[in-house]
Amino acid sequence: MSVGRPAASARAVAIAGAAAFGLFAAYTVKADEPVAPPQCSMRLSVEVTPDVPNPGNGAFISSLLGNHTGYQLFLLRVVDDTHVILQLQGPGPAERCQAVVDSIGNDGRVLSIDTS
């Protein structure tokens with residue numbers, strides 16, 4: 001009687017091991033797709049009206065984008081009370097990027113934008 005039992009338990013262990021291996025072999029790990037660099041990347045020197053309390057404030061800077069989703073403004077430097085250097089990034093193409101810059105320039109709190 002005890003002769004059949006070790007063979008049966010060894011077979012059960014082998015079957016369980018094969019099943020576990022099959023589960024791991026079926027699970028494939030997929031890496032994230034590489035993120036393409038932004039097609040629109042512009043450095044902007046922005047002059048704002050004196051009534052803007054803090055031109056380096058994150059909420060103020062993000063509000064300059066309006067409804068241009070997919071684009072981001074990053075503060076590079078606060079020059080003084082009315083001038084900031086920003087980095088605009090987004091999906092592009094160049095015409096859409098320029099449209100975002102034009103939209104920022106149309107904001108009543110912005111006196112001028114220099115893209116050079």
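**Exercise 1. Describe the link between Cys-40 and Cys-97, and say which parts of the chain it joins.**

Solution. 
- With 40° about the S-S bond, the link of Cys-40 and Cys-97 is right-handed.
- This link ties together distant parts of the chain: Cys-40 sits in strand E1 (residues 40-48), Cys-97 in helix H3 (residues 94-105), and 57 residues separate them.
- The model is predicted.
- In it, the two sulfur atoms are 1.8 Å apart, S to S.
- A disulfide requires cysteine sulfur atoms within 2.5 Å, so the pair qualifies.
- The count for the protein comes to one disulfide.

**Exercise 2. Decide whether Cys-40 and Cys-97 are buried or exposed.**

Solution. 
- The cut-off for buried is under 20% relative accessible area.
- Cys-40 has 2% relative accessibility, so Cys-40 counts as buried.
- Cys-97 has a relative accessible area of 4%, so Cys-97 is buried too.

**Exercise 3. Which residues form the salt bridge, and how accessible is each partner?**

Solution. 
- Arg-109 pairs with Asp-107; their closest N and O atoms are 2.8 Å apart.
- The cut-off is 4 Å, so this pair counts as a salt bridge.
- The count comes to one salt bridge.
- Arg-109 is partly exposed, at 28% relative accessibility.
- Asp-107 has 17%, so Asp-107 counts as buried.

**Exercise 4. Which residues touch the most other members of the largest nonpolar core, and which elements supply it?**

Solution. 
- The largest nonpolar core holds 20 residues.
- Leu-44, Leu-73, Leu-88 and Ile-104 touch the most other members.
- Elements giving two or more residues to this core are E1, helix H2 (58-63), E3 and H3.
- E1 gives the most, with five residues.
- Now take Ile-104 and leave out residues up to four places away in sequence.
- Ile-104 then touches Leu-44, Leu-64, Leu-65, Leu-73, Val-110 and Ile-113.

**Exercise 5. Step back to the whole protein. How many helices and strands are there, and in what pattern do they follow each other?**

Solution. 
- The protein has three helices and four strands.
- Along the sequence they run α-β-α-β-β-α-β.

**Exercise 6. What share of the protein's residues is buried, and what share of its contacts with a separation of 6 or more joins residues 24 or more positions apart?**

Solution. 
- Of the 116 residues, 25% are buried.
- For contacts with a separation of 6 or more, 64% join residues 24 or more positions apart.
- For the surface, the protein exposes about 8100 Å².
- Carbon and sulfur atoms supply 59% of that area.

Conventions: Residues are numbered from 1 along each chain as its sequence is written. This is a predicted model: local features need pLDDT of at least 70, side-chain atom pairs count only at pLDDT 80 or more; totals for chains, interfaces and linings use all residues. Side-chain values use heavy atoms; hydrogens and water are left out. Buried means under 20% relative accessible area, exposed over 50%, partly exposed in between (1.4 Å probe, protein chains only). Contact means heavy atoms within 4.5 Å. Accessible areas come from the Shrake-Rupley method with a 1.4 Å probe; for residues, only the protein chains shown count as cover. A salt bridge is a side-chain nitrogen of Lys or Arg within 4 Å of a carboxyl oxygen of Asp or Glu. A nonpolar core is a set of buried Ala, Val, Leu, Ile, Met, Phe, Trp, Tyr and Cys residues joined through side-chain atoms within 4.5 Å.
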